[in-house]
Amino acid sequence: MVSPSYGARDAPLRPAEPFEKFSPPLANGERAAEPGPPFPLRLPSKALVFSGAPLEEQPKNIDPLLLELVNTKVVERGPPVQWSDIAGQVSVKAAIEEELLWPILRPSSYSGANHPLRTLLLFGPRGTGKTLLSRCISTQLGSTLLRVSGTTLLSTWKAEAEKILQTVFFVANCRQPSVVLITEAESLLAARVGEDGGQASSLKSQLLSYLDNVATSSEHNVASHRRFGTRLYIAPPDGEARRHILRQALAQQSCCLSEHELAALAQRTESFSGAELLRLCQHAEATARRALPGPPTSYQDLEKAFCKVHPAMSQKELDLFLEWDKMYGTRH
Ligand code: ADP
């Protein structure tokens with residue numbers, strides 16, 4: 001949790017830097033959608049919005065039932081997440097600390113850019129730790145975390161989606177400091193006018209106006225991804241991180257793997273996400289427990305698990321992420 005001397009709760013947050021004007025190359029031959037230029041690719045992504053200062057306009061009529069729904073279903077009450085809980089992602093962690101956390105937590109001692117960034121886009125394959133990183137950011141800020149899924153807004157909560165999003169930002173504003181995490185953000189950000197009866201694009205406009213409001217940007221007509229002060233690619237774990245995740249997962253079970261076998265396993269699991277590595281270990285454990293008298297998980301059990309668990313992302317799809325990162329990612 002944040003040290004009280006950082007003054008996270010009462011630190012005056014300064015307005016964010018205006019976003020630069022940018023005309024993205026149109027990927028996939030997409031045509032510009034209204035409102036604003038396109039979100040170029042439908043890639044799994046999480047949008048984070050930091051709320052540290054009152055919104056300029058507060059909604060007047062908040063439905064008490066929706067308030068209850070947001071307080072029970074959107075406000076997260078999970079355990080804190082520390083940096084050490086996230087394997088690998090060294091440069092991503094450093095970028096988040098330097099560009100986002102320090103300017104917010106230590107405004108007086110921070111000598112970098114004048115205006116802290118308050119919007120972050122994390123993109124990358126599923127299960128690579130984007131939610132984990134978001135929860136860690138919230139822990140470091142000592143903030144309330146509100147988590148809502150773009151696809152849930154568009155499906156389960158369809159009828160009330162706009163009011164719910166409004167209530168989410170209302171609660172975020174009341175519970176400052178707070179972080180709003182939109183999972184499956186691409187379902188909103190990539191929306192085009194006319195799709196889904198227009199609801200997705202009108203939710204997108206609503207979300208973009210919250211981004212602008214929080215960032216107090218003077219440039220409201222830049223591409224939607226450029227509304228995010230920082231855009232970070234969260235890649236599948238590298239060899240060392242995979243070894244770390246596997247070691248941690250197998251330590252939770254009775255297991256008899258040598259360091260040599262662990263290294264071999266890390267080598268065999270290239271392009272597995274963190275979540276897929278956990279699944280591999282769970283399958284192996286289930287196989288081991290089926291035998292009598294329930295022996296420890298062995299390398300052979302893990303080998304069998306490879307038939308059940310495969311990386312969901314193909315190299316082609318991973319290349320697409322890299323390409324998107326090159327075009328739109330924030331260099332770090
Ligand atoms: P995403 O949001 O990218 O889809 P999550 O953050 O939900 O992925 O990751 C799912 C789970 O996989 C996490 O709760 C965690 O247990 C594990 N995991 C993924 N990446 C890592 C990592 N880098 N270090 C440790 N655990 C990880």
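Predicted model: local features only at pLDDT ≥ 70, side-chain atom pairs only at ≥ 80, totals over all residues.
A residue is taken as near a molecule or strand if its C-beta atom, placed from the backbone, lies within 6 Å of it. With that in mind, let me start at the ligand: the shell around it has 17 residues, of which Ala 87, Gly 129, Lys 130, Thr 131 and Gly 274 come nearest. The elements giving two or more residues to this shell are α3 (130-141), α8 (239-251) and α10 (274-290), where helices (H or I, at least four residues) and strands (E, at least two) are DSSP runs numbered from the N terminus. By class, the shell holds eight nonpolar, seven polar and two charged residues, with Ala, Val, Leu, Ile, Met, Phe, Trp, Tyr, Cys and Pro counted as nonpolar, Asp, Glu, Lys and Arg as charged, and the others, Gly among them, as polar.

Residues are numbered from 1 along each chain as its sequence is written.

Two of those elements, α8 and α10, also meet each other: their axes come within 10 Å and cross at roughly 40°, the axes being lines fitted to C-alpha atoms over the stretch in contact, with angles running from 0 to 180 degrees between N-to-C directions. That makes α8 oblique to α10, since angles under 35 degrees count as roughly parallel, over 145 as roughly antiparallel, 65 to 115 as roughly perpendicular and the rest as oblique. On the α8 side the contact is made by Arg 242, Ile 245, Leu 246, Ala 249 and Leu 250, and on the α10 side by Gly 274, Leu 277, Leu 278 and Cys 281, contact requiring C-beta atoms, placed from the backbone, within 7 Å. Seven of these residues are nonpolar, one is polar and one is charged.

Now to the backbone. Most residues other than glycine have a negative phi, and most peptide bonds are trans. Ser 271, in the loop between α9 (259-268) and α10, has a positive phi of about 70°.

Finally, a cis peptide bond joins Gln 176 and Pro 177, with omega about -5°.

Definitions and conventions: Contact = placed C-beta atoms within 7 Å.
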